[in-house]
Amino acid sequence: MSTIAVAPGRGPDESAIRIPNYLNTGTTLRSWLLTTDHKRIALLYFASLTAFFFIGGAAAVVIRLELATPQGNLIGSDTYNRLFTMHGIVMVWFFLVPAVPNTICNFVVPLMLGAKDLAFPRINLLSWYLFMAGGLLTVASLVAGGVDTGWTFYTPLSTLFANSYVALAALGVIVVGFSSIATGLNFIVTVHKLRAPGLTWYRLPIFIWSLYATSVILVLGTPVLTIALVLLLVERILKVGIFDPALGGDPLLWQHIFWFYSHPAVYIMILPGLGVVTELVTCFSRKRLFGYKFVAWASIGIAVIGFLVWGHHMFVSGQSLFASLVFSFLSYVVAVPSAIKVFNWTATLHGGWIRFDAPMLYALGFIGLFTIGGMTGLFLAALAVDVHVTDTYFVVAHFHYIMVGGMVSAFFGALHFWWPKITGRMYPEYWARTAAALMFFGFNLTFFPQFILGYLGMPRRYHAYPPEYQVWHVLSSGGAVLLAIAYLMPLVYLTWSMFRGVRAGPNPWQATGLEWQTPSPPPKENFATTPVVVRGPYDYRDRAAHPQHG
Amino acid sequence: MADARPAEQFASLDQQRDVAHAGMWVFLASETLFFGGLLAAYTVYRIWYPEGFAAASTKTDVVLGTINTAVLLTSSALMGAGVRVAEARGSGRAVGLLLLGTALLGLAFLGVKGTEYVKDAHDHLVPGYDFEFDERLRRGAELFFLLYFIMTGIHAVHLTVGILLVGAFAVRAWRGAFADRLEPVAIAGLYWHFVDLVWVFLYPLLYLNGRAG
Amino acid sequence: MSGRFRSVWLSWAALVALLAATTGLAYVPLGRAALPAALAVASVKAAVIVLVFMELARATGLTRIAAGAGLFWLCVLLGMPAIDYLNRAARPVTERTLYTSVSPPPRR
Ligand SMILES: [Cu+2]
């Protein structure tokens with residue numbers, strides 16, 4: 001992809017032992033907690049996100065255990081409400097939203113751009129502290145007794161009736177929002193201003209385009225969530241009526257401003273995944289990306305149109321029919337750029353020399369699950385169908401296909417792909433493939449039955465249900481056990497590989513990105529000399545005889 | 001000065017200045033949407049309660065509001081002049097005085113605003129605490145005053161941050177701290193002008209509605 | 001150096017004149033045109049502040065994108081809910097005009 005001057009290639013086993021890298025320059029706790037190195041901050045985020053993922057996952061385990069039988073015999077309805085709320089809040093704001101941007105992107109984006117760091121390294125560190133502060137507030141609300149409103153904090157339940165720790169959790173979400181804004185701002189400015197010489201916009205990896213689109217949403221959507229939560233706190237604490245219908249307010253106003261952020265937030269969660277998959281598909285099929293410019297601009301298209309569709313969450317809420325029609329139409333429109341991406345990945349795979357390494361398994365799983373999630377989203381965007389399945393398990397299954405089937409797969413794909421760059425060591429391929437396959441199987445077993453449950457009319461957010469639904473719930477809970485095992489496996493073998501894995505060398509995948517042209521793990525300043533880029537991305541030439549697109 | 005060197009992630013001082021400007025502009029775009037949430041609430045409730053909003057708006061103090069608008073516009077002019085002196089590498093003392101004037105006008109604004117709040121409380125216009133209004137128009141009026149307090153309150157918080165920032169920069173400029181690095185002054189200026197900009201829209205929405213009877 | 005300041009003082013004079021204009025306009029019975037008029041004046045003031053004081057006129061690239069995106073997204077945030085509220089069949093029941101014109105009285 002580029003001609004750069006880096007240290008000449010060393011044998012995989014002798015490299016990275018005494019060569020200074022970002023991990024072994026400074027090993028005190030202070031050198032970690034006050035670091036402004038984007039690579040170290042990424043690792044701080046990795047550690048924190050893992051903790052939050054397992055907190056949110058533990059709540060899900062209890063939920064699925066309770067639902068294994070029709071009677072509410074494990075926990076009461078009130079506890080159940082608090083569990084699914086905490087599962088939602090933690091998974092959305094403390095795992096999915098920051099998952100790829102703050103960990104993988106934080107680590108690889110400056111490397112991909114040929115930069116020494118992000119534009120604002122201290123703001124990057126600040127964002128981690130804000131994230132932890134927001135997380136502590138939210139965990140405090142959990143320890144104090146939890147929240148029972150659902151992650152959507154719908155009014156007037158959240159402002160007038162809920163007896164739980166709504167204010168504390170809302171404050172936590174406000175604080176983590178500041179972290180999001182800081183992150184998005186940092187990435188936007190970095191992508192604009194810190195690209196290496198010769199790295200023009202159309203030479204950027206699609207991963208960067210996706211992250212840029214994500215950052216636009218982070219910067220422009222999150223403040224609206226912040227002000228919505230501020231209004232919620234004002235109404236709840238000062239007992240005045242902003243959303244309270246008895247005082248002339250409109251509960252739907254909450255839904256409007258909440259979903260103005262929270263629908264685009266779905267794209268915050270999925271756009272980085274779309275970027276990851278593009279990197280994986282090209283690398284493991286040794287092909288140029290089919291239709292680069294379409295895929296690049298589709299990311300931006302999703303970020304813009306994604307802000308125009310939020311009313312599809314309000315079809316049965318009393319929103320005006322005309323507004324529903326507009327939102328329904330635009331929800332169909334936003335599917336187009338996503339479909340472009342799936343189409344172009346497929347075209348890229350066609351005729352490629354495909355290798356099924358673990359990251360590629362995750363990527364292929366992503367494409368399948370994301371497509372199912374997207375297609376069922378179109379069902380929900382249709383007014384009449386939505387009325388039938390609103391607030392049923394169909395909706396639950398739909399967004400889990402996008403967020404868990406899609407985004408969590410992409411996260412693990414990215415983690416395995418860049419693991420050698422981050423740690424300098426390879427993960428064990430056999431175990432990684434096993435985990436990827438188990439994750440795919442367990443995921444489908446957990447969530448496909450929920451489509452059927454929803455179609456049959458099982459509403460979401462109930463801890464007990466009529467016995468005729470039990471067979472589907474048992475299947476779902478069984479799948480959840482497999483899924484939990486599949487999530488625990490990487491924790492074990494990746495930790496093992498950090499110490500015992502085979503040395504990776506700078507570029508174990510023969511990938512073309514700039515990040516692979518510096519040693520693994522990279523030195524503190526990323527590159528010995530600033531690289532100069534002379535070619536576009538995805539310059540894979542293994543099958544030179546094959547006609548190339550792009 | 002010879003010791004002016006960019007931070008390690010930058011290739012040049014130009015790039016560093018560029019990045020700082022860009023960062024502030026992106027932050028202000030974010031701020032626009034933050035205030036936008038309040039404006040959205042204002043919009044939909046004004047659609048619902050046109051009469052209540054108009055009646056309530058006439059209860060605000062238009063004289064003090066207008067004076068305050070003029071104060072803020074003048075402060076922005078002083079800030080703009082300060083940035084231009086700094087860009088022309090003029091004397092640090094001139095920059096310091098202009099920024100000091102800016103910050104003092106900001107303080108004056110807050111003083112006037114506080115007076116208004118006291119007056120509003122005296123007139124029973126504080127929702128949730130002491131609110132009396134014509135029963136037929138009460139709900140719209142109460143929502144209006146709630147939004148009035150939240151909007152002006154959040155604006156005042158932003159202005160306070162600006163006063164602290166510009167005040168601190170005034171002292172540093174007076175001491176000559178910005179002789180070789182001008183971008184902090186310009187960036188503080190961007191923030192100040194933005195806070196002014198928000199008020200330019202709050203003023204007609206909160207003070208002028210329904211004045212023609 | 002005075003040339004650099006001319007734009008500042010001229011802008012200040014324009015802003016104060018516009019302030020006087022909008023305050024005066026508020027007392028003219030314009031009916032439905034009052035709000036558009038007030039917002040038009042505010043927009044001109046905003047343009048002066050953004051173009052001259054914030055020097056957007058001289059800016060390039062990301063600065064223009066940020067300004068444009070802020071404006072566009074603000075319009076979305078205000079406009080799309082307005083589409084809903086202007087077309088609601090059920091409106092709140094307490095405003096006097098609504099009893100008589102748009103919606104039937106409440107059934108409570
Ligand atoms: Cu949505």
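**Figure 1. Contact of helix 11 with helix 14 in chain A of the predicted model.** From helix 11 of chain A, the residues A:Ala358, A:Leu361, A:Tyr362, A:Gly365, A:Leu369, A:Ile372 and A:Thr376 take part. Their partners in helix 14 of chain A are A:Glu429, A:Ala432, A:Arg433, A:Ala435, A:Ala436, A:Met439, A:Phe440, A:Phe443, A:Asn444 and A:Phe451. By class, the residues of this contact are 12 nonpolar, 3 polar and 2 charged.

**Figure 2. Geometry of the packing of helix 11 against helix 14 in chain A.**

**Figure 3. The copper ion and its donor residues in chain A.** Three histidines coordinate the copper ion: A:His263 through ND1, A:His312 through NE2 and A:His313 through NE2. The donor distances run from 1.8 to 2.0 Å. Along the sequence, the spacing of the donor residues is H-x48-H-H. A:His263 belongs to helix 8 (residues 251-285) of chain A, while A:His312 sits in the loop between helix 9 (292-305) and helix 10 (321-349) of chain A, so the pair ties together parts that are 49 residues apart in sequence.

Figure 4. Residues under 20% relative accessible area count as buried.

**Figure 5. Packing of helix 1 with helix 6 in chain B.** Helix 1 (residues 13-48) and helix 6 (residues 183-208) of chain B cross at roughly 15°, and their axes come within 10 Å. This angle makes helix 1 of chain B roughly parallel to helix 6 of chain B. The crossing of helix 1 of chain B with helix 6 of chain B is right-handed. Their contact has 17 nonpolar, 3 polar and 4 charged residues.

**Figure 6. Helices of chain C.** Chain C has 4 helices and 0 strands, in the order α-α-α-α along the sequence. Of its 108 residues, 40% count as buried. Among contacts in chain C between residues at least 6 apart in sequence, those that join residues at least 24 apart make up 36%.

How values were computed: Residues numbered from 1 in each chain as written. Chains lettered and ligands numbered in written order. Predicted model: local features only at pLDDT ≥ 70, side-chain atom pairs only at ≥ 80, totals over all residues. Heavy atoms only, no water. Donors = N, O, S within 2.8 Å, 3.2 Å for Na, K, Ca; no water. Helix = DSSP H or I, 4+ residues; strand = E, 2+ residues; numbered from the N terminus. Axes fitted to C-alpha atoms, helices over the stretch in contact; angles between N-to-C directions. Contact = heavy atoms within 4.5 Å. Nonpolar A, V, L, I, M, F, W, Y, C, P; charged D, E, K, R; others polar. Buried < 20%, exposed > 50% of the residue type's maximum accessible area, 1.4 Å probe, protein only. Parallel < 35°, antiparallel > 145°, perpendicular 65-115°, else oblique. Left-handed = near helix turned anticlockwise from the far one by under 90°.
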